Amino acid sequence: FLANQFVYVFYTATTPAIHNRVSRFRANGDVVDTSVPELVLLDFENLIATNHNGGAMHFGLDGKLYVAHGENANSANAQTLTNLLGKIIRMNPVPESANQIPTDNPFYSSAPGRNRLIWVLGLRNPFTFSIQPGTGLTYVNDVGQGAWEEINDARPGRNFGWPLTEGAFSPSAFPQLTNPVYSYPHNPPAPSGCAITGGAFYNPSSVTFPLSYLGKYFFAEFCSGWIYYIDPASPGTAVFFAENISFPVDLKVAPDGSLYYLARGTGSVGRIFGAPNAPT
C-alpha cells in the first residue's frame with residue numbers, strides 16, 4: 001500500500017445479477033482516487049439466497065489473496081469443485097483474464113476452469129478468518145447450523161466436512177475430512193452461542209498485553225456477546241477474555257497492541273488495551 005495505495009474490496013454487486021465481487025481501487029488519502037477506475041478481479045457465482053455469503057479477505061505471507069465465501073444456503077456447494085461457494089480461494093491479485101490462478105493451488109490439476117482457485121472446501125459460512133503474522137497459520141471461523149461452531153486450521157486441499165459433519169467427528173468415520181481445532185456448542189455450558197464471528201491472532205508489532213497473550217487466537221460470538229481465546233500450541237481449551245459486547249462481528253489486533261472489536265448491535269468500535277506488566 002505504501003508504494004501503490006491499492007485497496008482491495010469484497011462487496012455485493014447487483015448487475016447483471018446479484019453476486020459477490022472482489023475489486024481493486026486506489027486510495028487518495030482517506031477516499032478513493034476517482035481518476036483510477038475500479039479494477040474487477042473476480043466475480044463469484046450468482047446468489048440464490050441473501051445469507052451465507054462470507055466475505056473475509058486477507059493477503060497471505062506468500063503475497064496471494066485469500067477470499068472466503070459461504071455456500072449461499074445450498075449445502076451441496078460446499079463439497080463440489082465446480083463452483084467457488086463454501087470455499088476459501090487463493091489467487092494472484094490480478095483480473096480473471098490474466099494469470100490469476102497460482103499453479104501450486106491444490107486442485108490445479110483436478111478442478112475445472114477457474115475453480116482451480118479453490119484452496120480449501122467444506123465450509124458453511126466462513127464469516128471470518130485470520131492469518132498469523134510470521135507463521136502463516138490460518139484459522140477459519142465457520143458458522144454452524146444446528147449444534148456446533150468451528151475453528152478450522154486451513155491448509156492446502158483440506159476439506160472441513162460441511163454438510164457431512166458439524167463440529168468434531170471420529171476420523172475413522174470420515175478419513176478424507178479434517179477436524180476443527182476447536183468447536184463449541186449452541187447449548188450451555190459456556191462457552192456456547194449461535195454464530196462464531198471475529199477472529200484475530202495476538203501478534204502485534206508492539207506487545208502491550210501481558211506476554212501470556214502473545215500468539216493466542218481471539219474469537220468472538222455473535223449471539224452471546226463474548227470473546228474467548230485459544231492457544232494454537234494446545235487449542236483444545238478456550239479461555240474467557242471479555243463479555244457483554246453487543247453482537248460482535250469482527251476483531252482486529254492493531255500495531256499498537258490493542259484489540260479492537262466491531263459491535264454491530266451498537267454500531268460501534270471498542271478498544272481493549274493493556275500494558276506488559278498489567279495483571280491478566
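## The enclosed space and its surroundings

A: The largest cavity is lined by Gly122, Arg124, Asp142, Val143, Gly144, Gln145, Trp148, Glu150, Phe160, Trp162, Thr165 and Glu166. This is a predicted model, in which local features need pLDDT of at least 70 and side-chain atom pairs count only at pLDDT 80 or more, while totals for chains, interfaces and linings use all residues. Residues are numbered from 1 along each chain as its sequence is written, and side-chain values use heavy atoms, leaving out hydrogens and water.

Rolling a probe the size of a water molecule over the atoms shows where empty space is left. On a 1 Å grid over the protein atoms alone, a cavity is a set of points where a 1.4 Å probe fits but cannot get out, whereas a pocket is an open set with protein on both sides within 12 Å along at least five of seven lines, and a lining residue has an atom within 4 Å of a point. Grid points are joined across faces, edges and corners, and a volume is the space filled by probe spheres set on those points. One cavity of 30 Å³ or more is counted by this rule, and the largest cavity holds about 60 Å³ of space. Its lining divides into four nonpolar, four polar and four charged residues, where Ala, Val, Leu, Ile, Met, Phe, Trp, Tyr, Cys and Pro count as nonpolar, Asp, Glu, Lys and Arg as charged, and the others, Gly among them, as polar.

Proline 163 sits in the loop between β11 (148-153) and β12 (182-185); strands here (E, at least two residues), like helices (H or I, at least four), are DSSP runs numbered from the N terminus. A cis bond also joins threonine 15 to proline 16, with omega at about -5°, and proline 16 belongs to the loop between β1 (6-13) and β2 (19-28). As background, most residues other than glycine have a negative phi, and most peptide bonds are trans.

Histidine 52, in the loop between β4 (39-46) and β5, has a positive phi of about 60° although it is not a glycine. It is buried, with a relative accessible area of 12% (buried means under 20%, exposed over 50% and partly exposed in between, using a 1.4 Å probe and protein chains only). Cysteine 194 forms a disulfide with cysteine 223, their sulfur atoms being 1.6 Å apart, where a disulfide is a pair of cysteine sulfur atoms within 2.5 Å. Cysteine 194 lies in the loop between β12 and β13 and cysteine 223 in the loop between β14 (217-221) and β15 (227-231), so the pair ties together parts that are 29 residues apart in sequence. Cysteine 194 is partly exposed at 31% relative accessible area, and cysteine 223 is partly exposed at 38%.

The backbone oxygen of threonine 197 is reached at 2.7 Å by the side chain of asparagine 141; a polar contact of this kind is a pair of N or O atoms within 3.5 Å, where within protein one must be able to donate a hydrogen and the other to accept it, and residues adjacent in sequence count only if both atoms are side-chain atoms. Asparagine 141 is part of strand β10 (residues 138-142) and is buried, with a relative accessible area of 0%.

Beyond these parts there is the largest pocket, with a volume of about 530 Å³. It is lined by 23 residues, of which His58, Ser130, Ile131, Lys252 and Val253 lie nearest its centre. The elements that give two or more residues to this lining are β5 (57-59), β9 (128-131), β13 (196-201) and β17 (248-253). By class the lining has 14 nonpolar, seven polar and two charged residues.
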